[in-house]
Amino acid sequence: MKFFRNILILLLIAFFILAGMKINEGYQLYKDAITEMPLEEKVEEIKSINNYTTLEEVPEMYIKAVVAVEDHRFYTHSGVDVISIIRAVWNDIISLKLAEGGSSITQQLAKNSYFTQEKKLSRKIAEIYMAFDYEKNYSKDEILEFYLNTSYFGEGCYTVKEASRTYFDKEPIEMNDYESIMLAGIPNAPSVYAPTVNPELAKERQLQVIDKMIRYNVITEREANEILEMGE
């Protein structure tokens, strides 16, 4: 019994040492990034991109769909959704790989604007530090707007304005509910869900978004059916 207890203690010590090393690596990655380009400069860079799209230029349904599918607690957490992270860690442990990230919209913005898409723990930690910086200095609506202008929608589109023109030949505000919800699901995997590439998979992804909107009481099942009828 004493032997197993000692083994457990050694494993715990090793775990905390490794965790400390990764946290330090992540912090250094964050510090290097923010030193190279301060947050205020990064935001100005984002706002200066071609076809930058403001929240006032997109339908309310689109915003609701994005929040529901990407981070339904976005307006209540402080940059990191602890519940989502715990769920993601548990699923990663079960699958024995970094299958899920549990990233909030703010974390995704941090990743898109400062870091690579590489799935490394140190990058994930750096992303969390940067997310807190964004939350401390900008409002939720500003953060959401920045996020929408740093996401990739496929077909060379990096803003909602570019995506709505490419996929629907419309300005963003002209999108109907059906189109808004379809567009909200594309950044999850643009090469797979782009309507011009895989229309059927785009519709399947749209249904996933709608399911989450119903689950989080954003729309009712009746409203969902009416929206789906727009695409028939």
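**A charged pair and its helix**

Modeller: Let's begin with Arg-123 and Glu-127, both of which are buried; that word stands for under 20% relative accessible area, with exposed meaning over 50% and partly exposed in between (1.4 Å probe, protein chains only). Before going further, a word on the source: this is a predicted model, in which local features need pLDDT of at least 70 and side-chain atom pairs count only at pLDDT 80 or more, while totals for chains, interfaces and linings use all residues. Residues are numbered from 1 along each chain as its sequence is written, and side-chain values use heavy atoms, with hydrogens and water left out.

Now, back to the pair. Side chains of opposite charge can pair when their charged atoms come close. Arg-123 and Glu-127 form a salt bridge, with 2.2 Å between the closest N and O atoms; the rule asks for a side-chain nitrogen of Lys or Arg within 4 Å of a carboxyl oxygen of Asp or Glu. The two residues lie 4 residues apart in helix H6, so about one helical turn separates them. Helices here are DSSP runs (H or I, at least four residues), as are strands (E, at least two), numbered from the N terminus. Lys-124 joins in too: Arg-123, Lys-124 and Glu-127 are linked in a network of salt bridges.

The count of salt bridges by this rule comes to 9. Another of them joins Arg-165 to Glu-171, with the closest N and O atoms 2.9 Å apart. Here Arg-165 is partly exposed because its relative accessibility is 35%, and Glu-171 is partly exposed at 32%. Glu-179 and Lys-170 also form a salt bridge, their closest N and O atoms being 2.9 Å apart. In that pair Glu-179 is buried at 12% relative accessibility, whereas Lys-170 is partly exposed at 24%.

H6 also has a helical partner. H2 (residues 39–47) and H6 (residues 121–137) have axes that come within 11 Å and cross at roughly 80 degrees. Those axes are lines fitted to C-alpha atoms, for helices over the stretch in contact, and angles run from 0 to 180 degrees between N-to-C directions. H2 is therefore roughly perpendicular to H6, a label for 65 to 115 degrees; under 35 counts as roughly parallel, over 145 as roughly antiparallel and the rest as oblique. Leu-39, Lys-42, Val-43 and Ile-46 of H2 meet Asp-133, Tyr-134 and Asn-137 of H6, where contact means heavy atoms within 4.5 Å. By class, the residues of this contact are 4 nonpolar, 1 polar and 2 charged; Ala, Val, Leu, Ile, Met, Phe, Trp, Tyr, Cys and Pro count as nonpolar, Asp, Glu, Lys and Arg as charged, and the others, Gly among them, as polar.

On the H2 side, Leu-39, Lys-42, Val-43 and Ile-46 are the buried residues of the helix. Seen down the H2 axis they fall within an arc of 100 degrees, so they line one face of the helix; the arc is that of the directions from the helix axis to the C-beta atoms.

One last stop is Ser-180 in helix H9 (residues 177–185). Ser-180 is buried, with a relative accessible area of 0%. Apart from neighbours within four places in sequence, Ser-180 is in contact with Pro-59, Met-61, Tyr-62 and Met-175.
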